[in-house]
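Reader: I would like to go through this model term by term and hear what each label rests on. Please show it to me.

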Amino acid sequence: MMNVNILIREIRKMVKAYVPKNAYLKETHENRGNPFNVLISTILSQRTRDENTRKAVQKLFSVYKNVKEISEADEDIIQELIKPAGFYRIKARKIKEVSRILMEQYKGEVPSNLEQLLSLPSVGRKTANCVLVYGFSKAAIPVDTHVHRITNRIGIVHTKRPEQTESELMKIIDKRYWLEFNELFVRFGQRVCRPIKPRCDICSLKHECEWYKLIIKNGS
Ligand code: SF4
């Protein structure tokens, strides 16, 4: 298996070379340092495209500025604001519910502890880990579709579900890389190792990558 330290260094180089500095950032990344906004953005991003999340987050926070305001907001108005994100009825209910719990049990603050985050409604491991990394700068590995796809393609993990990917990555990735890991892979996944038509022609990992070797072997 490829040395993961080298892998990360190579991905860093490719991101620097092929991803423009002003390239599109996910809402979670843009709200860095604001745990509540990261939490709400990540819930809104579930099962939708990044650009839809962006519209919904911007509309929601243009009207409601903080956890208290959302906890007291009219659910119908939240629904209307977050419509672009899809599944807006259920998401509005969850957002309001999470905000209410934060007000009642955590004095309006987002907990910075994985177990407490996971106990909140609609918060799974990816969301909780995004809050830790982007909200609190705490070491964790949020596994989204990019991280899951790329690590399996390269072959540093062989997993079916993101939760398995996370637990495998935690064993093999040095903790000093955890904070940057998600953003690095998202950027790499948006421009080079794309979901469809990955840019293997420009990728410096191709001689190590299991997916590429399989394509070459199959002659396609
Ligand atoms: S060789 Fe292709 S599939 Fe493999 S990591 Fe690079 S871009 Fe992705």
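Author: Of the 13 residues around the ligand, those that come nearest are Cys193, Cys200, Cys203, Lys206 and Cys209. A residue is near a molecule if its C-beta atom, placed from the backbone, lies within 6 Å of it. This is a predicted model, in which local features need pLDDT of at least 70 and side-chain atom pairs count only at pLDDT 80 or more, while totals for chains, interfaces and linings use all residues. Residues are numbered from 1 along each chain as its sequence is written.

Reader: Which helices each supply at least two residues of the shell around the ligand?

Author: They are helix H10 (145-154) and helix H13 (210-218). Helices are DSSP runs of H or I with at least four residues, numbered from the N terminus.

Reader: How many residues of the shell are nonpolar, polar and charged?

Author: The shell has 10 nonpolar, no polar and 3 charged residues. Ala, Val, Leu, Ile, Met, Phe, Trp, Tyr, Cys and Pro count as nonpolar, Asp, Glu, Lys and Arg as charged, and the others, Gly among them, as polar.

Reader: What is the mean pLDDT of the protein, and which elements have the lowest and highest means?

Author: The protein has a mean pLDDT of 93, and 97% of its residues reach 70 or more. pLDDT is the predictor's confidence in each residue, from 0 to 100.

Reader: Why are H6 and H7 called oblique to each other?

Author: Their axes cross at roughly 125° and come within 9 Å. Axes are lines fitted to C-alpha atoms, for helices over the stretch in contact, and angles run from 0 to 180 degrees between N-to-C directions. Angles under 35 degrees count as roughly parallel, over 145 as roughly antiparallel, 65 to 115 as roughly perpendicular and the rest as oblique. H6 and H7 are therefore oblique.

Reader: What makes H10 and H12 roughly perpendicular?

Author: H10 and helix H12 (residues 178-191) pack at an angle of about 75°, with their axes 8 Å apart. The two are therefore roughly perpendicular to each other. His146, Val147, Arg149 and Ile150 in H10 meet Asn182, Phe185, Val186, Phe188 and Gly189 in H12; residues are in contact if their C-beta atoms, placed from the backbone, lie within 7 Å. By class, this contact has 5 nonpolar, 3 polar and 1 charged residues.

Reader: Why are H1 and H12 oblique to each other?

Author: The axes of helix H1 (residues 4-18) and H12 cross at roughly 55° and come within 10 Å. H1 and H12 are therefore oblique.

Note on methods. Contact = placed C-beta atoms within 7 Å.
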